[in-house]
Amino acid sequence: MPRVSLFVTCIVDQVFPQVGLAMAGVLDRAGCEIEFREAQTCCGQPAFNSGYRREARTVAEYFLQVFEDADYIVVPSGSCASMIAHHYAELFDAGDTRIAGLASRVWEFSRFLVDVLHVEDVGARLERVATYHDGCHALREMRTKEAPRRLLEHVRGLRLAEMDAAEECCGFGGTFSVKFPEVSGGMARTKIDSILRSGAEIVVSTDSSCLMQIQGVLSRAGTGVRTMHLAEVLDSR
Amino acid sequence: MAEPYQHKIANALGDPKLQLAIYSATGRLADGRRRTVSTEAFPDYQELRQHAHEIKKHTLNHLDFYLQELERNVEARGGRVIWARDGQEARAFIRNLARERATNLIVKSKSMTTEEIHLNEHLAQDGIEAVETDLGEYILQLAGEKPFHIIAPALHKTREDIAHLFERRLHAAHETTPERLTAIARAALREKFLEAGIGITGANFLVADSGMVVLVENEGNARLSCSAPRIHVAVSGIEKVIPRAQDLGVFLNLLGRSATGQPLSVYTSFLSGPRREGELDGPEEFYLVLLDNGRTKVLADAEKRQSLYCIRCGACLNNCPVYRKIGGYSYPWVYSGPIGKILTPQFMGVHQDPWLPFASSLCGACAEVCPVKIEIPKILLALRAEITEAGIQKGGMVEKLAFRMWAWLMRHPRIYERVAPVAAAAASRLPRAGPLKAWLSQRDLPPLARRSFRQLWRERRK
Ligand code: SF4
């Protein structure tokens, strides 16, 4: 039984706790031994992306301490997983033992299911037309492209209707969304045009931060399309 | 108070005609690229990109060696190399040459490097007319504007815009088909080609082992600019050198595809100096101006050095969701888009426009399409770190303090657990200001969960 330590990102913890619970439920049913370390907080990405490397490093050090002896660290976010798996290397010396092998221990949720557990059918059921948004860091840094789609294809009752701009950024970008709100909003509106063209009822992704942006614009535009994290879809029965 | 760049961004976003023009033109270029680099169309693409990256890396790590080899070979073929530390030295050479050869008319083909040093404006002050012969550049010269895009400089102009411009500036009839518009420009330019004493071009590649200048274009005007006038001057950044003629196979295969979705551009000229005895064409004199203008400063930084690998294909612009919203004129320098975002702070210094590296969602689309694999997001992050370190961005002090406090809180989970909901509740009751206001200006905000994940988890375990 693989031992999985959940890393529930700060945004999931505070805003979308149901996503964390759903991920735990799916992994549990897939036969993992799950733990949640209560001392965990954030991966440090907000500081890193804003240029505050010292602050990012102290938070990263804290993260490494909390998860020191964890086997697999599974994350409901491609962006946060990439921060840990790839960008920590830019915060520590090359020879630092604390980050050695980190990239093989930290997994974005959908790829952990498909590539580590070799599970594509988690027994979910959801009667919806869904479209999938490729989060930029999930796609380009964590190589998450096939896994979420395979998982969605096995959800009973669900039809996947790909949008034409699946790989285009939603415009969130962390503090970018509030430093350049009009640009960010414009990008999101381009994204939702594509979502609406697909005819989907729900937008699914691996990242709650993208979904917060997309949902925010979808509801501001008065559309009935809703967003759901992949974990929530896979936890539907 | 809104800053000038914010006005420019707002103008671009608020102009639906411009938005459509940018979107369709960049979309067409991006689609063309995607088709020609697909695995079916070009199976070796990824390997070739890596190879191009390695060649650039090697060359820039040994730039002194290759530049000297280039100089020897250019001079062996009867050309002359001029080393220009900055724009002023480059311009002075060209001005003096024009004076010595008693000409005050120059024809030019498209060159971002000469845009970078504002060559035309300075020559005009000295009474020398420099005429752009690339159609897009010619349109902009008539309109008195700067390039909007690295490879498609007049991308923002509609045919109707151009028709009006030609009517006004050339007293031409009102024509709106591309063929007729091109014919009007061609007729106006033909005389210039015949009269000009000097032709100036840029350079796409400089080949060290053969002293060759390689020009890539689609209109044939560059070829004419370097062969019709008696004198040819090529102005190039020092980073354009590649070691061997055989390396061209790598770069030419990538450039046309990445830029316009052409397996090869229409014209590729391999120029090796002035006309020699027995040769039928070519200029009588050839000069290669090698421009530093800040490049050695970029070279000095081992991490950011890769910014100089750029072959100016424009793919990163076409695929950038930010460029596609804000357009070329929102950027502070002639180089726009993702590549401009990393070149400008390094050439001009981070103090000049500290907002620039932050104007990115870090989506990584640029790095994904870059034919020489420049890690643009990584460089943006490094620049952001330099800027916050120097504390020069707007609201920098407050932000720094906020991140200090945040970092402390993130290491104290029990306090964080209690503080987070209180802070959020307080923020939502405050007058809508700062980040919250910015967020709500564009979209709705979900409420915080009544209970956090950690609380729910604890309850479940009981
Ligand atoms: S950075 Fe790369 S993609 Fe952008 S213009 Fe230069 S070579 Fe092309």
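**Notebook: two chains and a ligand**

I started with chain A of this predicted model, where 21 Å separate the centres of domain 1 and domain 2, taken over C-alpha atoms. Domain 1 of chain A covers 3–115 and domain 2 covers 121–234; such bounds come from an automatic or database domain assignment.

A note on the ground rules: residues are numbered from 1 along each chain as its sequence is written, while chains are lettered from A and ligands numbered from 1 in the order in which they are written. Local features need pLDDT of at least 70, side-chain atom pairs count only at pLDDT 80 or more, totals for chains, interfaces and linings use all residues, and side-chain values use heavy atoms, with hydrogens and water left out.

**Entry 1: inside chain A**

I looked up how the two domains of chain A meet. I found 27 residues of domain 1 in contact with 22 residues of domain 2, where contact means heavy atoms within 4.5 Å. The size of an interface is often given as the accessible area lost when the parts come together. Here about 1,900 Å² is buried between the two domains, and carbon and sulfur atoms give 66% of it. (Buried area is the accessible area, with a 1.4 Å probe, that two parts lose on being put together, summed over both.)

How many salt bridges join domain 1 of chain A and domain 2 of chain A? I counted zero, taking a salt bridge as a side-chain nitrogen of Lys or Arg within 4 Å of a carboxyl oxygen of Asp or Glu. I did find 10 residue pairs in polar contact between these domains (both at pLDDT 80 or more). A polar contact is a pair of N or O atoms within 3.5 Å; within protein, one must be able to donate a hydrogen and the other to accept it, and residues adjacent in sequence count only if both atoms are side-chain atoms.

On the side of domain 1 of chain A that touches domain 2, α1 (10–14), α2 (17–29), α5 (78–85), β4 (106–108) and α7 each supply at least two residues. The largest share, six residues, comes from α2(A). Helices (H or I, at least four residues) and strands (E, at least two) are DSSP runs, numbered from the N terminus.

**Entry 2: a salt bridge to find**

I then picked out Asp121(A) and Arg156(A), whose side chains meet in a salt bridge (2.7 Å, N to O). The two residues are 35 apart: Asp121(A) sits in the loop between α7 (109–116) and β5 (125–132), and Arg156(A) in strand β6 (residues 156–160).

**Entry 3: chain A meets chain B**

Next I checked the two chains together: 62 residues of chain A are in contact with 60 residues of chain B. They bury about 5,500 Å² between them, 61% of it on carbon and sulfur atoms. In chain A, Gln14(A), Tyr52(A) and Arg220(A) lose the most area to chain B, together 13% of what that side buries.

I counted seven salt bridges between the chains. Lys179(A) forms a salt bridge with Glu399(B), the closest N and O atoms being 2.9 Å apart.

**Entry 4: chain B and the ligand**

Chain B has domain 1 (44–293) and domain 2 (405–461), with 55 Å between their centres, taken over C-alpha atoms.

Which residues are around the ligand? I listed Cys310(B), Ile311(B), Arg312(B), Cys313(B), Gly314(B), Cys316(B), Ile339(B), Cys370(B), Pro371(B), Val372(B), Ile374(B) and Ile376(B), each with a heavy atom within 4 Å of the ligand. This shell divides into 10 nonpolar, one polar and one charged. Ala, Val, Leu, Ile, Met, Phe, Trp, Tyr, Cys and Pro count as nonpolar, Asp, Glu, Lys and Arg as charged, and the others, Gly among them, as polar.
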